[in-house]
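Here are my notes on the model, as numbered points. Please read them with the structure open.

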Amino acid sequence: MSQQYKALQGFKDILPDEQPYWRLVEKVAVEVAETFGYRRIDTPTLEETSLYRRTSGEGTDVVEKEMYSFDDRPDKEGNSTNITLRAEGTAGVVRAYLEHGMFQLAQPVKLYYLSAPVFRHDKPQAGRLREHHQFGVEVLGDGDPAIDAEVIGLLYQVYTRLGLKNVRVRLNSIGDGNCRPQYIQTLKAYYQPLLDDCCEDCQVRFVKNPLRLLDCKNPRDQAKIAAAPRISDHLCEPCQEHFAATRRLVKLYGVPVEHDALIVRGLDYYSRTVFEFTSSDDNLALTGGGRYDGLAEILGSSHTPGIGFGAGIERIILELKKRGIQPPEAAKPRAFVVSFGKSAEFKDATVSLVAELRGAGIQTEMSYGGRSGKAQMKQSNASGAAYALLLGDNELAGNFVTVKDLQAGGLETEKKQVEVKRVDLVEFLLSGK
RNA sequence: GUGACCGUAGCUCAAUAGGCAGAGCUCUGGAUUGUGGCUCCAGCGGUUGUGGGUUCAAGCCCCAUCGGUCACCCCA
């Protein structure tokens with residue numbers, strides 16, 4: 001083994017054995033999204049760095065220390081653009097919405113994206129990679145709380161259809177530009193006298209991102225959090241109504257939401273509805289999302305409400321495995337061609353048979369490299385193929401194939417074998433079990 | 001980014017108190033001529049993550065580095 005090269009830290013190969021999990025998650029996600037009337041969008045992996053800086057917020061960890069940013073090659077004038085690998089899903093979709101004038105379409109515009117790679121320069125650990133993939137949804141152009149409920153209902157259905165019935169859904173409202181600044185003042189006023197007794201992280205949060213004070217897990221600060229003023233009690237009238245309606249409507253989708261006044265989100269653009277889906281037995285967030293009614297304006301557009309989420313596919317798969325949920329097995333070959341001769345004539349007969357069957361859409365395998373007939377039989381068995389197609393002198397001379405049923409039990413070879421004319425072979429393989 | 005623990009074959013793991021690096025699984029070949037699964041035999045596969053150091057001798061001790069895991073931070 002000369003392992004000079006390894007995948008980069010925090011980057012992972014998705015090997016063939018893993019793929020069935022991905023196909024399962026993707027299949028369910030697409031089916032549910034389309035049931036809900038969402039259309040797929042794919043946006044580029046690279047965007048201008050300033051897009052993320054503006055939307056996520058200058059003070060956030062993502063922007064400050066986790067983005068993969070670099071200067072693009074300079075143009076003729078020697079100017080280069082600083083660009084960034086996708087750091088989160090929403091910014092690119094909103095950019096595309098504005099760039100392509102989707103505000104001219106019937107509103108709202110309901111979009112989803114699938115397995116989009118997201119890059120963040122964190123220190124890796126279980127469930128946290130430097131490149132991970134997200135399934136996400138964004139709805140733009142209407143602020144109706146029925147949309148908040150719909151988006152959460154959609155996601156919940158994805159999880160339940162995957163068999164993950166124990167996810168926790170926590171919901172909160174963090175207000176809007178009207179009421180949140182006042183609440184933050186109230187919160188800071190509450191914390192100011194307690195600050196000396198707070199953990200170091202909270203001292204930083206107090207300045208950088210006061211809402212996150214409520215997120216602290218340090219035991220010494222829990223009592224302070226419990227007694228802290230709640231945003232829910234400080235929402236302005238419209239935000240209150242929106243939140244009440246969201247909670248009422250989301251229940252109609254059968255989602256067991258909990259109101260958690262301590263849920264705040266990391267990115268600056270969120271407003272009103274925020275939510276998190278977590279696995280029930282630990283704190284690993286499976287999905288985070290929320291409303292971002294001010295985001296389009298940050299990008300210079302007119303007021304455009306929006307809401308969305310990003311669901312980490314790797315974390316969903318981790319959860320599936322933890323729950324012992326198996327994806328459907330990969331398709332096994334229908335036929336495995338076994339050749340009992342080694343001459344060019346046999347090679348040609350084997351390849352032409354394989355080619356013909358594959359041309360007819362029948363999953364067919366063969367052995368490579370001139371192995372013995374016995375070894376080929378072993379391979380055909382290991383492949384899981386339904387039938388071994390035997391080609392020997394007799395078959396070639398008589399223009400037929402001996403079809404052996406590999407799945408039939410028992411020892412009596414004759415009962416499991418039947419001779420089928422070449423012209424009838426495709427039909428034979430397409431019919432039957 | 002901070003801290004703790006861990007790195008032996010493709011995978012899962014052994015290796016007494018420093019003393020010739022092993023097993024199971026996988027893979028390949030074979031057990032008489034054109035027939036799988038069970039069984040048996042054999043083979044391939046390692047500079048013990050990498051680079052230094054101590055020692056007659058290092059998988060084992062020391063340092064560094066890379067990677068992994070866990071907690072924090074943050075987040076999906």
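**Notes on the predicted model**

1. Start with strand S9, residues 271-278. Of its 8 residues, 7 are buried, so the strand is largely enclosed by the rest of the structure. Keep in mind throughout that this is a predicted model.

2. Which strands pair with S9? On one count, strand S7 (residues 168-173) is joined to S9 by 6 bridges, and the two run antiparallel. Asn172 has Val274 of S9 as its bridge partner. Strand S10 (residues 285-291) also pairs with S9 in the antiparallel sense, over 6 bridges. There, Ser271 has Arg291 of S10 as its bridge partner.

3. These strands belong to an open sheet of 8 strands. Its order is S1-S5-S6-S11-S10-S9-S7-S8, and the pairing is mixed. The edges are strand S1 (39-40) and strand S8 (257-259), each of which pairs on one side only. Helix H5 packs on the sheet and touches S6, S7, S9, S10 and strand S11 (306-312). The direction of H5 makes about 15 degrees with that of S11.

4. H1 lies across S5 and strand S6 (131-140). With S5, H1 makes an angle of about 160 degrees.

5. Next, the helix pairs. Two packed helices are described by the angle between their axes and the distance between the axes. For helix H1 (residues 19-35) and helix H5 (residues 145-162), the axes come within 9 Å and cross at roughly 140 degrees. That angle makes H1 oblique to H5. The crossing of H1 past H5 is right-handed. On the H1 side, the contact is made by Val25, Val28, Ala29, Val32 and Ala33. On the H5 side, Leu154, Gln157, Val158, Arg161 and Leu162 meet them.

6. How do H1 and H11 lie relative to each other: roughly parallel or roughly perpendicular? The axes of H1 and helix H11 (residues 313-322) come within 10 Å and cross at roughly 110 degrees. The two helices are therefore roughly perpendicular to each other. Tyr21, Trp22 and Val25 are the H1 residues here, and they meet Ile313, Ile316, Ile317 and Leu320 of H11.

7. Val118 is worth checking in strand S5 (residues 109-119). Val118 has 20 other C-beta atoms within 10 Å, and is buried. Which residues does Val118 touch, leaving aside those up to four places away in sequence? They are Arg86, Ala87, Glu88, Gly89, His132, His133 and Gln134. Phe103 and Val118 are 15 residues apart in sequence, with 26 Å between their C-alpha atoms.

8. Helix H2 (residues 49-56) comes next. Its buried residues are Thr49, Tyr52, Arg53, Thr55 and Ser56. What covers them? The cover includes strand S2 (46-48), strand S3 (69-71) and strand S4 (82-85). It also includes helix H3 (61-66), helix H4 (90-99) and helix H10 (295-298). Just after H2, Gly57 has a positive phi of about 110 degrees.

9. S2 and S4 run antiparallel and are joined by 3 bridges. Glu47 stands opposite Thr84 in S4. S3 pairs with S4 in the antiparallel sense, again over 3 bridges. Asp71 stands opposite Asn82 in S4.

10. Last, the chain as a whole. Chain A has 16 helices and 16 strands. Its radius of gyration is 29 Å, whereas a compact globule of 433 residues would have one near 22 Å. Along the principal axes, the C-alpha atoms fill a box of roughly 95 × 60 × 50 Å. Buried residues make up 36% of the 433 residues. Take the contacts between residues at least 6 apart in sequence: 69% of them join residues at least 24 apart.

Definitions and conventions: Residues are numbered from 1 along each chain as its sequence is written. Chains are lettered from A and ligands numbered from 1 in the order in which they are written. This is a predicted model: local features need pLDDT of at least 70, side-chain atom pairs count only at pLDDT 80 or more; totals for chains, interfaces and linings use all residues. A residue is buried if 20 or more other C-beta atoms lie within 10 Å of its own, exposed if 12 or fewer, and partly exposed in between; C-beta atoms are placed from the backbone. Helices (H or I, at least four residues) and strands (E, at least two) are DSSP runs, numbered from the N terminus. Two residues are in contact if their C-beta atoms, placed from the backbone, lie within 7 Å. The radius of gyration is taken over C-alpha atoms; the globule rule is 2.2 Å times the number of residues to the power 0.38. Two strands pair if DSSP finds at least two bridges between them. Axes are lines fitted to C-alpha atoms, for helices over the stretch in contact, and angles run from 0 to 180 degrees between N-to-C directions. Angles under 35 degrees count as roughly parallel, over 145 as roughly antiparallel, 65 to 115 as roughly perpendicular and the rest as oblique. A crossing is left-handed if the near helix is turned anticlockwise from the far one by less than a right angle, and right-handed if clockwise.
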